[in-house]
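Please look over the sequence and the model, then read the notes below.

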Amino acid sequence: MRQITHWIDGKPWEERAASKGPVYDPATGEQTAEVAFADPSVVDEAVAAATRAAEAWRDTSLAVRGRVLFAFRDLVDRNKKEIGALITSEHGKVLSDAVGSVTRGLEVIEFACGVPQLLKGEFSENVSSDVDSYSIRQPLGVCAGITPFNFPAMVPMWMYPIAIACGNTFILKPSEKDPSASVFCARLFTEAGLPDGVLNVVHGDKVTVDAILEHPGIAAVSFVGSTPVAKHIYETGTGAGKRVQALGGAKNHMVVLPDADLDLAADSAVSAAYGSAGERCMAIAVLVTVGDVADRLLPKIRERIVRLKVGPGAAPASEMGPLVTRDHHARVMGYVEKGVAEGAELVEDGRKTKVPGHEKGFFLGPCLFDRVTPEMAIYRDEIFGPVLSVVRAPSYDQALTLVNGNRYANGVAIFTNDGGAARRFQNEVQVGMVGINVPIPVPMAYYSFGGWKSSLFGDSHVHGREGIHFYTRGKVVTSRWPDPQHRGVNLGFPQMK
Ligand code: NAD
């Protein structure tokens, strides 16, 4: 059985693991690997390696840091098909989607390559006679990242390239469900010239995460995952004196106004609801049809759903792969049953989808519920599977009230041909990322990514300017050079003249 080890101090950590977890191929349902779980003593080793590397890395010039990042960028680009294949083998998503997600991660590395520009401070000459003031941003020290299963390469890349570019060292705890891509990328970073100990990867579950949260040697924690865990991470991490950003779950709505281009809306809804089998934090989970839209839009959506090819992620013809694990599959199936029991109308039942030769795989075809109401569990809870719920809203105002009443606020989209309506929506909607005729409005790396309300604990979104700020501390220096005159003691509050 393939063994997946930690990556500490620039090499695999081969020592016997006290415990291990299984890794499955979701397309076959078979276990393909075992991953070592880090107990607190392994976390100590990773923190020790990161601490040893921290001083020299922080003092490494921006020119050299930039060069290592450029080399890493090239290696990730050259290896993106291999990284994609690793993702598909453990996550299940189709290969083109897996490679596409690596490309989005690559954009964050490219952003981090601009670190000399991004870390520029401000300078004011002569704030008083012979006195200058300037601001600088300095690294925090050892930072950690804890990431979810759904983007095994991209979400970690939201964190460590920026943290490292800013002069920090890093410990990544990827999802134990699909851990291989992270170790592969850490190896590439070492090959790119990153000194040993600057990036470390430890695997595990709650025990490992809690050891990270409590470790006094770690200054900051970035988390992406479900809302209950995000809340736990934020409360425990800040309680232990760390800087924490914790991005949580989502329930993203797509509002379609009566004047929208309904073919565009149908293509977008199907792509955004069923891409990656709905296991995206920016997936559309709720379609809010305004006025008479539902009766015109739903036939177009059904027509597209029945043509979707569900199959193993590695097969070139597949458009939608399996769910990540047997447990998650059972959980999503449970929601489909609950939706039926609660009285929603199941107009497409993905439970009937069969993938010949892959009877033990974790497959579920696209499910479409109509006439869903806000009290139903399928509306309230994040399902994180290929289940789209249609809520019929009589008016724009009712659609807006629905969206703003939801406890999640990660992404939202509006489809309309009325610029004024779109502009009003963008202003009134209480959600972190807004798409106008764009179903999955994931910001580019030079903007920041993150939601509001229960989709984010902490003040900082990831990457972009907020990412640079999260991984650095500001300092302001006031200097007097030269000061040949001594004006004597003055016990008053310093005044700038
Ligand atoms: P998860 O919360 O179960 O796990 C995330 C990470 O936390 C993993 O590394 C896991 O090992 C660890 N973990 C799990 N339970 C823990 C516990 N009790 N204590 C401490 N650590 C724990 O999430 P997941 O199932 O891997 O990923 C899916 C979730 O992630 C969805 O809710 C999705 O919306 C969310 N997500 C959010 C974003 C975003 O940007 N807001 C992006 C991607 C995924």
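Contact in these notes means heavy atoms within 4.5 Å. Leaving aside neighbours within four places in sequence, E279 is in contact with H91, F149, N150, P322, L323, V324, H328 and F384. The model is predicted: local features need pLDDT of at least 70, side-chain atom pairs count only at pLDDT 80 or more, and totals for chains, interfaces and linings use all residues. Residues are numbered from 1 along each chain as its sequence is written, and side-chain values use heavy atoms, with hydrogens and water left out.

- Helices (H or I, at least four residues) and strands (E, at least two) are DSSP runs, numbered from the N terminus.
- Buried means under 20% relative accessible area, exposed means over 50%, and partly exposed lies in between (1.4 Å probe, protein chains only).
- Two strands pair if DSSP finds at least two bridges between them.
- Strand β8 (residues 142–146) runs parallel to β9 and is joined to β9 by 5 bridges.
- Within this pairing, I171 in β9 has A144 opposite.
- A crossover is right-handed if, with the strands pointing away from the viewer, the path from the first strand over the helix to the second runs clockwise.
- A right-handed β-α-β unit is made by β8, helix α6 (residues 154–165) and β9.
- Strand β10 (residues 199–201) also runs parallel to β9, with 3 bridges between β9 and β10.
- L172 has V201 in β10 as its bridge partner.
- From β9 the chain passes through helix α7 (residues 180–191) to reach β10, in a β-α-β crossover that is right-handed.

**C143 in strand β8**

- C143 is part of strand β8 and is buried, at 0% relative accessibility.
- Not counting residues up to four places away in sequence, C143 touches N168, T169, F170, I171, I218, A220 and Y471.
- From C-alpha to C-alpha, C143 and L247 are 16 Å apart in space, and they are 104 residues apart in sequence.

- E279 sits in the loop between α10 (262–274) and β14 (284–290).
- For charge, Lys and Arg count as positive and Asp and Glu as negative; His and the chain ends are not counted.
- A salt bridge is a side-chain nitrogen of Lys or Arg within 4 Å of a carboxyl oxygen of Asp or Glu.
- E279 is buried but has no salt bridge, and the nearest side chain of opposite charge, that of K93, is 7.1 Å away.
- A polar contact is a pair of N or O atoms within 3.5 Å; within protein, one must be able to donate a hydrogen and the other to accept it, and residues adjacent in sequence count only if both atoms are side-chain atoms.
- The side chains of E279 and H91 make a polar contact at 3.4 Å.

**Salt bridges**

- Side chains of opposite charge can pair when their charged atoms come close.
- The structure holds 26 salt bridges.
- One of them joins the side chains of D77 and R73, at 3.7 Å from N to O.
- D77 and R73 are 4 residues apart in helix α2, so about one helical turn separates them.
- D77 is partly exposed at 28% relative accessibility, whereas R73 is buried with a relative accessible area of 18%.
- E176 and K173 form another salt bridge, with their closest N and O atoms 3.4 Å apart.
- In that pair, E176 is partly exposed at 24% and K173 is buried at 3%.
- E345 and R371 also form a salt bridge, their closest N and O atoms being 3.6 Å apart.
- E345 lies in strand β15 (residues 345–348) and R371 in the loop between β16 (367–370) and α13 (377–380), so this pair ties together parts that are 26 residues apart in sequence.
- Both residues of the pair are partly exposed, E345 at 38% and R371 at 44%.

**G66 in helix α2**

- Helix α2 (residues 62–78) contains G66, which is buried with a relative accessible area of 6%.
- G66 and V115 are 49 residues apart along the chain, and 6.8 Å separates their C-alpha atoms.
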